[in-house]
Amino acid sequence: MFETSLPLKIAEILVATIAFLLPSAEYSSVETDKKFIVSLLLCLLDWCMALPVNALLHPVSVAALEEQNSSRAPLLDYIYRVLHCCVCGSSTYTQQSHYTLTLADLSSSDYDPFLPLANVKNSEPVQYHSSAEMGNLFTVEEGEVFFQNIDSCGQEK
């Protein structure tokens with residue numbers, strides 16, 4: 001299976017990523033930058049809907065805060081803060097940056113937000129397909145014809 005804290009960590013990373021990218025995307029002339037932020041926000045929404053309320057209300061484990069023995073805000077608080085920055089502009093974020101979650105805050109022995117892509121290794125074994133298996137694959141054209149002849153129940157028309 002997976003570690004039970006993983007969904008919460010994913011939501012935390014999404015919040016920090018949005019907070020990090022928001023200032024540059026807001027002033028970007030490239031429309032895809034803004035669309036990317038919207039995609040991240042929708043992804044965050046999906047994770048928030050999947051997480052139980054008690055997980056959203058759980059205090060975020062931030063290394064910097066643990067060292068200072070400060071009170072830790074719940075994840076939902078950080079989500080509202082980043083949404084507020086999206087609505088009111090990134091100037092809100094830069095003026096109150098100590099109120100938002102950053103990628104560096106989430107750094108731990110299990111997660112390095114600044115890991116170079118070249119250092120990422122695939123944990124899945126390489127799958128080799130036989131020529132017989134490869135011969136059973138459809139081309140795009142063959143697949144379109146095949147699926148046009150199948151009804152919604154999977155039966156041939």
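1. Read along the sequence, this predicted model follows the pattern α-α-α-α-α-α-α-α. The count is 8 helices and 0 strands.

2. Buried residues make up 27% of the 157 residues. Among contacts with a separation of 6 or more, 51% link residues 24 or more positions apart.

3. Helix H2 covers residues 31-50. Its 20 residues, at 1.5 Å a residue, should span 28 Å, and the end C-alpha atoms lie 29 Å apart, which agrees.

4. Which residues of H2 are buried? Ile-37, Leu-40, Leu-44 and Cys-48 are. They sit on the same side of H2, because they cover an arc of only 80 degrees around the axis. An α-helix has 3.6 residues a turn, so residues three or four places apart point the same way.

5. The other side of H2 carries exposed residues: Thr-32, Lys-35, Asp-46, Met-49 and Ala-50.

6. What covers the buried residues of H2? The cover includes helix H1 (6-26), helix H3 (53-56) and helix H5 (75-88).

7. Now the H1 and H2 pair. Their axes come within 10 Å and cross at roughly 160 degrees. Angles over 145 degrees count as roughly antiparallel, so H1 and H2 are roughly antiparallel to each other. The crossing of H1 and H2 is left-handed.

8. On the H1 side, the residues making this contact include Pro-7, Ile-10, Leu-14, Ile-18, Leu-21 and Ala-25. On the H2 side they include Asp-33, Phe-36, Ile-37, Leu-40, Leu-44 and Trp-47. Among these, Ile-37, Leu-40 and Leu-44 are buried.

Methods. Residues are numbered from 1 along each chain as its sequence is written. This is a predicted model: local features need pLDDT of at least 70, side-chain atom pairs count only at pLDDT 80 or more; totals for chains, interfaces and linings use all residues. Side-chain values use heavy atoms; hydrogens and water are left out. Helices (H or I, at least four residues) and strands (E, at least two) are DSSP runs, numbered from the N terminus. The expected span of a helix is 1.5 Å times one less than its number of residues. Buried means under 20% relative accessible area, exposed over 50%, partly exposed in between (1.4 Å probe, protein chains only). The arc is that of the directions from the helix axis to the C-beta atoms. Contact means heavy atoms within 4.5 Å. Axes are lines fitted to C-alpha atoms, for helices over the stretch in contact, and angles run from 0 to 180 degrees between N-to-C directions. Angles under 35 degrees count as roughly parallel, over 145 as roughly antiparallel, 65 to 115 as roughly perpendicular and the rest as oblique. A crossing is left-handed if the near helix is turned anticlockwise from the far one by less than a right angle, and right-handed if clockwise.
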